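Take a walk through this fold, from the whole chain down to single residue pairs. Keep the 3D view open as you read.

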Amino acid sequence: MEPSGKLLSYWQWLLLLLCLVSCVLITENLVRQDVAYAKGQQLEQQVANAGHLRSFLETELNRALYLTFGLSAYVQANKGEVSAAEFNVLLPELVELGQYIRNIGVAPGNRLSYVYPIEGNEAAVGLYYPDLPEQWPAVQAIIESRKAKLVGPVQLLQGGIGFIHRLPVFIDGQYWGIISIVVEPTDLWQELQLIMDRYGIEAALRTRLENGRVSESFVGNNALFYDDSLLLDLTIRGANWQMAIRSTDPLKGRTMEIRLVGYSVTLLLFALISWLTFSRQQLQQSSRELQLQQQYLSTVMDNVADAIITTDAHGHIERINQAAADIFGLSMHQLEGVHWSSLLDDPLQQQQLLLATNTPNKIAKTQGRNRFDLPFPLELSRSEIEFNQLIKKVILLRDMTERHKVDRLKNEFVSTVSHELRTPLTAINGSIGLVLGGVMGSVSPQVQQLLQTAYDNCNQLTHLINDLLDMERLEAGKMRFQLQPIVLAELIEQCLQQNRPLAAENRLQLQLETKEHGLQVRADPLRLQQVITNLLSNAIKYAPRDSTVVLRLSLDANKVRLEVMDQGPGVPEHFQPSLFQKFAQADSADNKLQQGSGLGLAIARSLMLAMDGDIGYQPLQPHGSCFYLTMPLSGYAKKAVNLAAPAD
């Protein structure tokens, strides 16, 4: 990349700084407002929760304290003439009705004469209030005010801490005595704590004393009165308390969300300004790189000998290389937007070619029209690519004119050499045969052996020449076929009979397995026999001694299948793709595997294709080979099979 100037100008730096400062100020102001709003909501909730706590305390304390008014009314109704037996009946019933009550006491003339229950309160029985300097001033103030009052918490003489509700009783205006109920706070505080846990709050209570003084908290943590907790004054039955309450739940604000959004916007603005600054420079650099890539791609495509054509999804030409322009004698300007099939000698072959090249590895043969408006041979393959979410097609066309010339010259040479060799070879072979037949008289064993070797080699050379001539005729389309209906099982038996002597020499058995003895195919009997014999001879050649070569004839979906199976070493996996090519032979350490021209299977494949059949190979497990032929049923046999099929 070329060096650029300043990254940001002065006004761009200033704009960026102002944006940053503004965003920070706005964000923090929103955070403060949100915190204030959350605190207000929490304060309202705390006030409501404090009301719930106060209501609970008033309800639970008054439930017990109302019993003192009932007992006072009973005493007043009886003019104070209440016997000990009556109190012994009344007091247990009242304690049973109330909650959190430790005891109920009745003190006629300020002496606590009746107490229930006695157990745990023995020290309070007979108590005379004027003798208690700690409690008498409060009792005397209640008597003078003639009003009930709740005091506490106080240290009880009988032990423990409690709240005492005292009610002075007057009969006909004369002071009679005091009725008191002692409330045990332990269970009350436990119930209060459950309520606080349910509302998610923490609270404490303390007593407001005279002269503005306060006591230590008798419920909850005393530290709540000295932090930011909410403070409320409570007055219950003359008892002056102060409550401190605080929420235990965290402040429900959106501080993190607000800051996240605010600072994200800040970063976004920063990135936007930076992008605007660098985008022009990057665009220029990308444009230069794109031009270089296009030049490189054009150079590569223009130096390829094959024609490369790219089209849209509908087959209209978008681009060609120089080879395409040279082959067809047309420029890009002339071909742009034209359908690629117009380059063919017969554009109607388009669909056929598309089906034949439906994968990138498949190649179809066709003809095109060159710059001289003459047809010429082509090989065509195609593929699809996706570019900018659009489907593009790439078509590769190869001019086969020169290759066809070379192949033709090669075939003519092979044919000429084969014909020229065939005549003298036949004469040599016949002459040696006559000598071996004894026409020239007897010869010594040594000469007999040499003549037999020469005779065998002449036969092998004759087979090679015949194979070459067959291949040449097949490739030139000059081989004629006499197609006719054939009972395949009978033809196979003939092949077996012809090859049994060779099998016997190798101590092999030949066996036909089939239940379809009447299957017919339409083929040339001589050529089909040639194919089967080739497969049999290969199986005999590679099968181990004392084994069986099996021929299995079956019917599969209106197609006849013949399998030739042996127990030999099989075809190496790496060689299987080349098995049916000309002059193909697998490497092996066994000398007999080297024999042959490598044309037999190639000829067999060409013969089967010419008779609408096919040939293939599959390995057997754990070892062995299986060559198979497939052919369609003939019309006669197909009809017979359909008639023989049982009805549903």
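The protein has 14 helices and 20 strands. Both are DSSP runs, numbered from the N terminus: helices are H or I with at least four residues, strands are E with at least two. This is a predicted model, in which local features need pLDDT of at least 70, side-chain atom pairs count only at pLDDT 80 or more, and totals for chains, interfaces and linings use all residues. Residues are numbered from 1 along each chain as its sequence is written, and side-chain values use heavy atoms, with hydrogens and water left out.

Of the 648 residues, 38% are buried (under 20% relative accessible area, with a 1.4 Å probe and protein chains only). Among contacts (heavy atoms within 4.5 Å) with a separation of 6 or more, 57% join residues 24 or more positions apart.

Strands pair if DSSP finds at least two bridges between them. Strand 19 pairs with strand 20 (residues 625-632) in the antiparallel sense, over 6 bridges. There, Pro 619 stands opposite Ser 625 of strand 20.

Angles run from 0 to 180 degrees between N-to-C directions, and axes are lines fitted to C-alpha atoms, for helices over the stretch in contact.

Helix 12 also packs against helix 11 (residues 488-505), at about 40° and with axes 10 Å apart. The two helices are therefore oblique to each other; that class takes the angles left over from under 35 degrees (roughly parallel), over 145 (roughly antiparallel) and 65 to 115 (roughly perpendicular). Residues in the contact include Leu 488 and Leu 502 of helix 11, and Ile 532 and Leu 536 of helix 12.

Now move to strand 8 (residues 239-247). Here 7 of the 9 residues are buried, so strand 8 is largely enclosed by the rest of the structure. Strand 6 (residues 201-207) pairs with strand 8 in the antiparallel sense over 7 bridges, and Ala 203 stands opposite Ile 245. Strand 7 (residues 230-236) and strand 8 are also antiparallel, over 7 bridges. Thr 235 has Asn 240 as its bridge partner in strand 8. The hairpin of strand 7 and strand 8 has 2 residues between the strands, and Arg 237 takes a positive phi near 50°.

Terms used: Buried means under 20% relative accessible area, exposed over 50%, partly exposed in between (1.4 Å probe, protein chains only).
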